[in-house]
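Trainee: Could we go through a structure together? I would like to learn how its parts are described.

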There are 2 protein chains.
Amino acid sequence: MAEDVLDERTRQTLFAVVESYINKLEPVGSRFVTKRYSFGFSSATIRNIMADLEEYGFLSQPHISAGRVPTDKGYRFYVDSIFDKGVGSPLISDSDTDKDLSVGQDEAIFEFLCQFTRNFARKLRGMKNDTNKMFFEVTNTLSSMSNYISIAIPPKTEHTTLNRIDFIKHKEDKAVAILLTNEGIVKNKMLKVDSRLTQEDLNRIAEYLNSEYSGYTIDEIKRVLFKRIKQEKMMWDDLISKAIKIYEQAMSFAGEDIFISGIYDVMNLPDFSDISKLKEVAGAIKDKHLMLRFLNELLNAKGVQVLIGRENSDRQLKNLSIVASTYKEGDRPIGVIALIGPTRMHYSKAIYMVDTIAKCISKTFEQ
Amino acid sequence: MAEDVLDERTRQTLFAVVESYINKLEPVGSRFVTKRYSFGFSSATIRNIMADLEEYGFLSQPHISAGRVPTDKGYRFYVDSIFDKGVGSPLISDSDTDKDLSVGQDEAIFEFLCQFTRNFARKLRGMKNDTNKMFFEVTNTLSSMSNYISIAIPPKTEHTTLNRIDFIKHKEDKAVAILLTNEGIVKNKMLKVDSRLTQEDLNRIAEYLNSEYSGYTIDEIKRVLFKRIKQEKMMWDDLISKAIKIYEQAMSFAGEDIFISGIYDVMNLPDFSDISKLKEVAGAIKDKHLMLRFLNELLNAKGVQVLIGRENSDRQLKNLSIVASTYKEGDRPIGVIALIGPTRMHYSKAIYMVDTIAKCISKTFEQ
DNA sequence: ATTAGCACTTCAATCATGAGAGTGCTAAAG
DNA sequence: CTTTAGCACTCTCATGATTGAAGTGCTAAT
């Protein structure tokens, strides 16, 4: 049942109520709708429609004499409508822009956004070699523009290939591994090694790994190395054995990275004027590990995804919405960026921003 | 004038009022003081004393019929008293522990803290080679134990000496510089180099730098290199010239690091139940650059320092207090850790924690 | 010098009141 | 049969008055 059954004017009303609520942040009444939107019906008619919508579960009332507030289901309808109308324009609706903006101004805004996007893409390209810097920039931009919390997961290592690995002897039993990946990212790690290994030994090991395995993904290499261990258990030559040990250490980066930004920005939202609600958000993102697992699940889907309130599998997010998108290298999604905000979110803005910036990132990884 | 003039019982009263306020978070009245502390005076006498203290500027009243609240000057007196009594014990006062704790319990707590400290020191030692991890751990521990915001500045590069530098050719005009310091810290950076340089060239440059300059501080090397440029302007050999260019790039790390943690924890404090106050804190630490400069000024002083409210040079911190300490390598202070909280802070706890953890860090850098 | 006692001030909580907003329902109009 | 005007009803929110509690300052007595 439900939204397929709704007739045109009911759909219009629902959309209007959600849109109004997102902008006003106050329950919207029938009179407000009739005044603001000229549907050609009186407030009494709208009242009846709204009563129906409440019955269907799209709207609810904080108390009997207040206006209506969207439920998660109501937001879902609204977001789906936005997608039906087509993502890609920041000017769909739901922004605070008044209807009396001249078309000329719309175009000016559009032009501005295009330019911003170009600049931002260029900026990212300049940071291509420094993932940290790049995603720091991404999350900062996203959160300060949207006032929501932004999260980014840098490219998954399972898709990165080894470009080159080197080892440098430090002192006694310490050595540093330096890893170059196809994305131009550098990682390093301090290793504990047999103290009898000289720099020459390390060089030979590195040479071996580079010649045999460069070009493969990091996981592939791990698999192949493991296979070797089993196959040649009794007869590994010393070099391979050492290489395996060292490689294992070098690849076990402690926990994946995740970038989060915007706790400050989110304090400006009226939705979080109550500190207990702010704590809710803070609690949700505090557990980075959980957040990481959560966003990783979104890696499979394509395009922008919106999860509203209780749609989130995580209980802690039941009062929050997430707008997420993958970014890709070629056709393969390699990471996720997302915005987290109240269920009462400026969805069209958020969707537009996440979509745009994800595309900027993808462009950086392309070629 | 002022505190030197105060007689014993006035001092006692002031101390009692501050201590009580820190625990109650409510203005404290004369009756409360007489009940809680058995000075042997009636509330009327205390009232008179408190009126004097207000006149001297140590206390103030929110409104005429409320109890007294310490001013910054009052806190200053209190903190100085704590230092006079001697830092080092976590049990001085000002904690919520009731007076009727048996001595046995005190000892149990003391024993627990000693053990915690030993464990923590061991933990840090295990992270010696990973500054990031180490200071991440430090700030997290500090903030979650204190519920205040913790900040740490990792060892200043001006005191680190070059242990070894290496360059690895990446592709075209890119190369990676890997830097090992005396503290066992590794930094890397992507460089733009003349695309005609081969890996062999880079090796020669690295070899040159290592043989000539390892053991010097990073700043010293910079100075010496600059001198060379001037002296031998017309006759540098190609190697030195290239080395200088590359070294310059490699050393210009974008912005110093700073570790901040505890925005979540601080939300649990009643002092920040009002979101506008929380914003104040957030604003103060948002500008990491400013915070960095601020804490760097504290590098000169030794031991634990406390800055209360308006004592802070920064206007944004006028309602906050900072408890900071340097940590050292040998005798030389190389970095700072600090706690930021409301002026109504559990100073003795904060001081004890900062002191203890700073010592743990110092121990890690000694050898 | 200290203290008991009292008048005074202020805040915070409670309650009643009325205006305002919005609804649901009914009966009339199209 | 659909739409609308009208009205009674409900609930919230801001306002103002009242009251009790907490705490002070001052004075007079010890």
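Mentor: We shall discuss the interface first, then aromatic pairs and salt bridges.

Mentor: This is a predicted model, in which local features need pLDDT of at least 70 and side-chain atom pairs count only at pLDDT 80 or more, while totals for chains, interfaces and linings use all residues. Residues are numbered from 1 along each chain as its sequence is written, chains are lettered from A and ligands numbered from 1 in the order in which they are written, and side-chain values use heavy atoms, with hydrogens and water left out.

Trainee: How many residues does the contact take from chain B and chain A?

Mentor: Chain B gives 33 residues and chain A gives 33 residues, where contact means heavy atoms within 4.5 Å.

Trainee: And what area do chain B and chain A bury between them?

Mentor: About 2900 Å² is buried between chain B and chain A, 67% of it on carbon and sulfur atoms. Buried area is the accessible area (1.4 Å probe) that two parts lose on being put together, summed over both. On the side of chain B, Tyr264(B), Met267(B) and Ile275(B) lose the most area to chain A, together 21% of what that side buries.

Trainee: How many salt bridges are there between chain B and chain A?

Mentor: The count is two salt bridges, a salt bridge being a side-chain nitrogen of Lys or Arg within 4 Å of a carboxyl oxygen of Asp or Glu. Lys286(A) forms a salt bridge with Asp265(B), with the closest N and O atoms 3.8 Å apart.

Trainee: Which helix supplies the largest share of the side of chain B that touches chain A?

Mentor: That is α11(B), with six residues. Helices here are DSSP runs (H or I, at least four residues), and strands are runs of E (at least two), numbered from the N terminus.

Trainee: New topic: how many aromatic pairs does the structure hold?

Mentor: Over all chains there are 20 aromatic pairs. Rings of Phe, Tyr and Trp (its six-membered ring) pair if their centres lie within 6.5 Å; planes under 30 degrees apart count as stacked, over 60 as edge-to-face and the rest as tilted. Phe58(A) and Phe77(A) form an edge-to-face pair, 6.3 Å centre to centre with 70° between the planes. The pair links distant parts of the chain, 19 residues apart: Phe58(A) lies in the loop between α3 (43-56) and β1 (59-60) of chain A, and Phe77(A) in helix α4 (residues 72-85) of chain A.

Trainee: Are Phe58(A) and Phe77(A) buried or exposed?

Mentor: Both Phe58(A) and Phe77(A) are buried. Buried means under 20% relative accessible area, exposed over 50%, and partly exposed in between (1.4 Å probe, protein chains only).

Trainee: Which residues form one aromatic cluster?

Mentor: One cluster is formed by Phe135(A), Phe259(A), Tyr327(A) and Phe365(A).

Trainee: Back to charges: what does Lys123(B) form a salt bridge with?

Mentor: Its partner is Glu137(B), the closest N and O atoms being 3.1 Å apart. Lys123(B) belongs to helix α5 (residues 103-126) of chain B and Glu137(B) to helix α6 (residues 131-146) of chain B.

Trainee: Why does Glu137(B) count as buried?

Mentor: Glu137(B) counts as buried because its relative accessible area is 17%. Lys123(B), at 43% relative accessibility, is partly exposed.

Trainee: Which residues are linked in a network of salt bridges?

Mentor: Arg76(A), Asp80(A) and Glu311(A) are linked in such a network.
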